[in-house]
Amino acid sequence: SAMVEVARASERGLRLLAVAEAQWDRPNWPEDPRDYRFTWLGFVALADPLRAGVPEALALCRGAGVRVVMITGDYPGTALAIARQAGITTEGGVLTGAEIAAMEAPALARAVRHINLFARIRPEQKLQLITAYKADGEVVAMTGDGVNDAPALKAAHIGVAMGRRGTDVAREASALVLLEDDFQSIVAAVRLGRRIYENIRNAMRYL
């Protein structure tokens, strides 16, 4: 069945696009797409593989006490497979946008303590998640590149925009803009920042 194929592809980390066609020979186009009589054709499976250095960078984050969570609009199965490939802890399972919509703020605040993977998330829910992490006392850095990411980038303690594919709105809303759109740059910046902070602290202690 179609859902079996969806599950099989998502387990491999593939993104699926459903394809259908409809014939229309009347003079005016319908206002509602549901007025077409579609014929199901099948799926197109798209691979968007991780960059080579991402799992290693995430391992460095864990060793440095930096927790990484994944917020995506992808299908939950696809998100889970990609998170596992990247090395993100998935023992807490996946929380979907529909589940978040049905939760009160206190329940969401409890959930974000142990869940690292959020799928089928709507743009406004990114801001909701950032707010929940901040309310729980976390120092939050958020990465993004789209117009819809701007509110969450602004709300985070440290908004990090992508310099190459990032929109102007995302860059303006962020505290930092990466020249290269890769996660390793963030890890390198954290390492450098901590080293500078430690050097300043040692100098002050000496003085």
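1. Helices (H or I, at least four residues) and strands (E, at least two) are DSSP runs, numbered from the N terminus. In these terms Asp 35 sits in the loop that joins strand S1 (15-21) to strand S2 (39-46). The model is a predicted one, in which local features need pLDDT of at least 70 and side-chain atom pairs count only at pLDDT 80 or more, while totals for chains, interfaces and linings use all residues. Residues are numbered from 1 along each chain as its sequence is written, and side-chain values use heavy atoms, with hydrogens and water left out.

2. Overall make-up. The chain holds nine helices and eight strands. Its C-alpha atoms fill a box of roughly 85 × 35 × 35 Å, taken along the principal axes. Of the 207 residues, 32% are buried, where buried means under 20% relative accessible area, exposed over 50% and partly exposed in between (1.4 Å probe, protein chains only).

3. Contacts and surface. A contact means heavy atoms within 4.5 Å. Among contacts with a separation of 6 or more, 47% are between residues 24 or more positions apart. The accessible surface of the chain is about 13400 Å², and carbon and sulfur atoms hold 55% of that area. The areas come from the Shrake-Rupley method with a 1.4 Å probe; for residues, only the protein chains shown count as cover.

4. Charge. There are 25 positive and 24 negative side chains, and the centres of the two sets lie 7 Å apart. Lys and Arg count as positive and Asp and Glu as negative, while His and the chain ends are not counted. Each charge is placed at NZ of Lys, CZ of Arg, CG of Asp or CD of Glu.

5. Asp 35 counts as partly exposed because its relative accessibility is 47%. Leaving aside residues up to four places away in sequence, Asp 35 touches Trp 24 and Pro 30. Between Glu 31 and Ala 64, 33 residues apart in sequence, the C-alpha distance is 54 Å.

6. The largest pocket. A pocket is an open set of points on a 1 Å grid over the protein atoms alone, where a 1.4 Å probe fits, with protein on both sides within 12 Å along at least five of seven lines; lining residues have an atom within 4 Å of a point. About 1900 Å³ of space lies in the largest pocket. It is lined by 50 residues, and Val 68, Val 69, Thr 143, Phe 183 and Ile 186 lie nearest its centre. Elements that each supply at least two lining residues include helix H2 (54-63), helix H3 (76-86), helix H6 (123-135) and strand S7 (158-162). H9 gives the most, with seven residues.

7. Thr 90 lies in the loop between H3 and strand S4 (94-96). Thr 90 is buried, as its relative accessible area is 14%. Beyond residues up to four places away in sequence, Thr 90 touches Leu 80, Ala 83, Arg 84 and Leu 117. Arg 120 lies in the loop between strand S5 (117-119) and H6 and is partly exposed at 46% relative accessibility. Phi of Arg 120 is near 50°, a positive value in a residue other than glycine.

8. Helix H1. Met 3 is placed in helix H1 (residues 2-11). Met 3 counts as exposed because its relative accessibility is 55%. Met 3 and Ala 107 are 104 residues apart in sequence and 30 Å apart in space, C-alpha to C-alpha.

Terms used: Grid points are joined across faces, edges and corners, and a volume is the space filled by probe spheres set on the points.
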